[in-house]
Amino acid sequence: MLLRLRNSVDAMTRMMRQQERIANNLANANTVGYKQDRTFTEILNEEINVEGAPQSIKRMEQWADLSAGDLEQTGNPLDVAIEGEGFFVLTDETTGTPRYTRAGRFVLDAEGTLRDAQGHLVEGEAGPIQLPTADGGPVVIDRDGTVRVDGKEVGRLRIVTFDNPAALRRLDGAAFDAGGMEPVDVEHPNLHQGYLEQSNVDPLRALTEMIEQHRLFESQQRSLRTDDELLGRVTRELGRF
């Protein structure tokens, strides 16, 4: 009986984690370049105990689904989307650590340095990319990442990939840490100036999944309540002897 109670609590704990994951995906449905989190449950051991109750040891793992989001045209010359493999390389100046993202919404600071919306440096193949602060003419970003101002090349965006992109660890929002993996430069990136890659979260599907998880949680809750009431009756009956 106690094992059944423990199984119900374990199942409800996993369902609460699922709800948190789905809620976070929904909250980022409009975050540029966001990759939704998914989970899988690995059964490490499973058996039927002497009470006839299933006993199992499970481990839940969470991972980022790196499938591409839709490309949306914005017309902003500093918006860039990657078609196919690759990540933009950013640098957190505070810690000096690299960040990898598909969110190509860039801006210029007062010195003309290209940064992402959170202020991180956007890395080019020769370091951070600097544009003229004065009106130097139109900014053009070629498919291969070459950045030109008034026809003159000022740098080339660095686009990288990894041997195992699925092992990337989320830092925050749409940014990832390589966790010790060495980035590999993409030789022929395919970029689109004036476009942004949208989140790959499907809000309707996520809402449906949330409702299903909620119903499963309620079912486990009823089962737990029934077992608890049965255990209470047994305890009271034994107390009479």
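Buried means under 20% relative accessible area, exposed means over 50%, and partly exposed lies in between, with a 1.4 Å probe and protein chains only. By that scale D185, at 45% relative accessibility, is partly exposed.

This is a predicted model, in which local features need pLDDT of at least 70, side-chain atom pairs count only at pLDDT 80 or more, and totals for chains, interfaces and linings use all residues. Residues are numbered from 1 along each chain as its sequence is written, and side-chain values use heavy atoms, with hydrogens and water left out.

## Salt bridges

A salt bridge here is a side-chain nitrogen of Lys or Arg within 4 Å of a carboxyl oxygen of Asp or Glu. The structure holds twelve of them.

| Pair | Closest N to O distance |
|---|---|
| E209 and R21 | 2.6 Å |
| R158 and D185 | 2.8 Å |

Helices (H or I, at least four residues) and strands (E, at least two) are DSSP runs, numbered from the N terminus.

Take E209 and R21, which form a salt bridge. E209 lies in helix α2 and R21 in helix α1, so the pair ties together parts that are 188 residues apart in sequence. E209 is partly exposed, with a relative accessible area of 27%. R21 counts as buried, at 6% relative accessibility.

D37 is buried, at 8% relative accessibility. R170 is partly exposed, with a relative accessible area of 25%.

R158 pairs with D185 in another salt bridge. R158 lies in the loop between β13 (152-156) and β14 (159-161), and D185 in strand β17 (residues 184-185), so the pair ties together parts that are 27 residues apart in sequence. R158 is partly exposed, at 24% relative accessibility.

Salt bridges also link K35, R102 and E197 in a network.

## Pockets

A pocket is an open set of points on a 1 Å grid over the protein atoms alone, where a 1.4 Å probe fits, with protein on both sides within 12 Å along at least five of seven lines; lining residues have an atom within 4 Å of a point.

The largest pocket holds about 380 Å³ of space. It is lined by 18 residues, and N7, S8, A11, R14 and S56 are the closest to its centre. Helix α1 (2-27), strand β2 (54-64) and helix α2 each supply at least two lining residues. The most come from α1, with eight. By class, the lining has four nonpolar, five polar and nine charged residues.

The second largest pocket has a volume of about 260 Å³. Its lining has 17 residues, with T31, V32, A103, Q118 and A174 nearest the centre. Six of the lining residues are nonpolar, seven polar and four charged.

## A nonpolar patch

Patches are made of residues with over 30% relative accessible area and no salt bridge; like charges are joined within 9 Å, and nonpolar side chains (Val, Leu, Ile, Met, Phe, Trp, Tyr) within 5 Å. L230, V234 and L238 form a nonpolar patch on the surface, with about 250 Å² of accessible area together. V234 is placed in helix α2 (residues 203-238). V234 is partly exposed, with a relative accessible area of 39%.

How values were computed: Accessible areas come from the Shrake-Rupley method with a 1.4 Å probe; for residues, only the protein chains shown count as cover. Grid points are joined across faces, edges and corners, and a volume is the space filled by probe spheres set on the points. Ala, Val, Leu, Ile, Met, Phe, Trp, Tyr, Cys and Pro count as nonpolar, Asp, Glu, Lys and Arg as charged, and the others, Gly among them, as polar.
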